[in-house]
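Hello,

Here is the structure I promised to pass on. Please open it first, then read my notes below.

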Amino acid sequence: MPYAPRKPCAAMGCGALVGSGTRYCEAHQRAKYREIDRARGTTTQRGYDGTWQKLRLAFLAAHPLCECDDCGAGRIRLTPADVVDHIVPIAKRPDLRLDWSNLRAMAKACHDRHTARTQGFAQVGRAGRIPGRVR
Ligand SMILES: [Zn+2]
Ligand SMILES: [Zn+2]
């Protein structure tokens, strides 16, 4: 079919013509697949793989309330937990990543507050936000 319609590759700045039915030229198609592969690899490397997902759900089923210092697992406040926090950070003890004794159920809001406090983001947040001027 010498007159099959051809259009330029959808990648920015790429002038290669591709046949109908494809968006990218061969090189850019391969690059797209690599991107997807890389994203998948990162998730696993960060420790949020299938094993962790399963353990996380099991842990939250057993610990439905936020166990942070402000909530005390329901003794102080009844806050539903939706994230699982590592008491000793994975960076320090990667071997305790899947150890229930190193896990703590937390509400997302409490977890963010806790992370900000322990990692020193709280100061950045305070300085960067001017009350009454947030648009
Ligand atoms: Zn291209
Ligand atoms: Zn809490």
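The zinc ion (ligand 1) has a tetrahedral arrangement in this predicted model. Its four donor atoms subtend angles of 103 to 116 degrees. For reference, the ideal angle for four tetrahedral donors is 109.5 degrees.

Which residues hold the zinc ion (ligand 1)? They are C9 (SG), C14 (SG), C25 (SG) and H28 (ND1), at 1.9 to 2.4 Å. Along the chain, these donors follow the spacing C-x4-C-x10-C-x2-H. C9 and C25 link distant parts of the chain, 16 residues apart. C9 sits in the loop between β1 (6–8) and β2 (17–19). C25 sits in the loop between β2 and α1 (26–45).

Are these two cysteines buried or exposed? C9 counts as buried because its relative accessibility is 6%. C25 is buried too, at 12%.

Now look at D69. It lies in the loop between α2 (50–62) and β3 (83–86). D69 is exposed, with a relative accessible area of 59%. Leaving aside residues up to four places away in sequence, D69 touches I76 and R104. D69 and H114 are 45 residues apart in sequence, yet 9.1 Å apart in space, C-alpha to C-alpha.

Last, confidence. The protein chain has a mean pLDDT of 83, and 79% of its residues reach 70 or more. Strand β4 (residues 103–106) is highest, at a mean of 96. Helix α4 (residues 121–128) is lowest, at 46. Over residues 122–130 the pLDDT is below 50. Beyond near neighbours in sequence, that stretch has three contacts in the model. Where pLDDT is low, the predicted coordinates should not be read in detail.

Best wishes

Notes. Residues numbered from 1 in each chain as written. Chains lettered and ligands numbered in written order. Predicted model: local features only at pLDDT ≥ 70, side-chain atom pairs only at ≥ 80, totals over all residues. Heavy atoms only, no water. pLDDT = per-residue confidence, 0-100. Helix = DSSP H or I, 4+ residues; strand = E, 2+ residues; numbered from the N terminus. Contact = heavy atoms within 4.5 Å. Buried < 20%, exposed > 50% of the residue type's maximum accessible area, 1.4 Å probe, protein only. Donors = N, O, S within 2.8 Å, 3.2 Å for Na, K, Ca; no water. Tetrahedral: all angles 85-135°; square planar, octahedral: opposite > 155°, others 65-115°.
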